[in-house]
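Subject: Structure handover

Hello,

Here is the structure I said I would pass on. My notes on what was found follow below it.

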Amino acid sequence: MATHPKFMIGAGIAIAGLGLIGAGAGATFTAQVSSTSDIRTGDLGLSLNGEAGSDVDVKVDGRNLGSHFAPITKELRLKNTGTLDMASTYLDVTATGCRGGVGAPLAEALEVTFTRVPHGELLYAGSLCSLSRSLGQHDVASTKEHDFVTPPAHADVGGRLPRALRAGRTIHYRLVIEPGGGEQGLPTAAQDSSVTIKLVFSGFDY
């Protein structure tokens, strides 16, 4: 039996179409996405009371003070002038006379308090030389006298302060120096001498 020519043409087109579908099903496609990251470094910087640097000297002159002198107050505004947050800040305190020699009786007789204001957070209250020796030996675990945190392996930076210091921010501290000895005040041996107290702040981004 003869087949109609138009039917044969239609069947050929259909078979060709099926061949194209099979070829498309076996194709593979690839997609890629890329990104870039900028790594930038910042810097650390400290100023104290508006001046570059991070240390201050306070002099107590027993030649001009009575045995019951009025408290000496030193305001300390520590600012992070860098672009990086300081995860930890440290304070080191040294005082002439606390290791003997000239001015020792006066240094041993002085009491200090160190607070964070305006919050009234008391960080230390006790003798000047006790504070100086503790920070110098890096042995500043919390006690009744002071609440510094024991520092990690930073060498020669003193005791860790309890607050981080973010970039551009300022923390206000207050140091108050008073005569010890209770009602008797400073001992006679403390007169006619002087003591220089040095405070040094350090900051780290870790």
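The secondary structure of the chain consists of three helices and 10 strands. Please keep in mind that this is a predicted model. Along the sequence the elements come in the pattern α-β-β-β-β-β-α-β-β-α-β-β-β.

Some totals for the chain. Of its 206 residues, 36% are buried. If contacts are limited to residues at least 6 apart in sequence, 77% of them join residues at least 24 apart.

Sheets

The strands of a sheet pair through backbone hydrogen bonds, in either a parallel or an antiparallel sense. Strand 1, residues 46-48, pairs with strand 2 in the antiparallel sense through two bridges. Ser 47 has Ala 52 of strand 2 as its bridge partner.

Another open sheet is built from four strands in the order 3-10-5-8, and the pairing is antiparallel here too. Strand 3 (55-61) and strand 8 (159-160) are at the edges with a single partner strand each, so one side of each has no neighbour in the sheet. Strand 3 and strand 10, the latter covering residues 194-204, pair in the antiparallel sense over seven bridges. For Asp 61, the bridge partner in strand 10 is Ser 194.

Aromatic pairs

A pair of aromatic rings is described by the distance of the centres and the angle of the planes. The structure has four such pairs. One of them is Phe 114 with Tyr 173: the ring centres are 5.1 Å apart and the planes are at 20 degrees, so the pair is stacked. Phe 114 belongs to strand 6 (residues 110-117) and Tyr 173 to strand 9 (residues 170-179), so the pair ties together parts 59 residues apart in sequence. Both Phe 114 and Tyr 173 are buried.

Phe 204 and Tyr 206 make an edge-to-face pair, because their ring centres are 5.9 Å apart and their planes are at 70 degrees. Phe 204 has a relative accessible area of 19% and is buried; the cut-off for that class is under 20%. Tyr 206, at 60% relative accessibility, counts as exposed. Ring pairs also bring in Tyr 90, which forms a cluster with Phe 204 and Tyr 206.

Disulfide

A disulfide is a covalent bond between the sulfur atoms of two cysteines. How many disulfides does the count come to? The count comes to one disulfide. The bond joins Cys 98 to Cys 129, with an S to S distance of 2.1 Å. The torsion about the S-S bond of Cys 98 and Cys 129 is about -85 degrees, so the disulfide is left-handed. Cys 98 sits in the loop between strand 5 (88-95) and helix 2 (104-109), while Cys 129 is in helix 3 (residues 128-136); the pair links distant parts of the chain, 31 residues apart.

Are these cysteines buried or exposed? Cys 98 is buried, with a relative accessible area of 4%. Cys 129 also counts as buried, at 1% relative accessibility.

Regards

Key
Residues numbered from 1 in each chain as written. Predicted model: local features only at pLDDT ≥ 70, side-chain atom pairs only at ≥ 80, totals over all residues. Heavy atoms only, no water. Pairing = 2+ DSSP bridges. Phe/Tyr/Trp six-rings, centres within 6.5 Å; stacked < 30°, edge-to-face > 60°. Buried < 20%, exposed > 50% of the residue type's maximum accessible area, 1.4 Å probe, protein only. Contact = heavy atoms within 4.5 Å. Disulfide = S-S within 2.5 Å.
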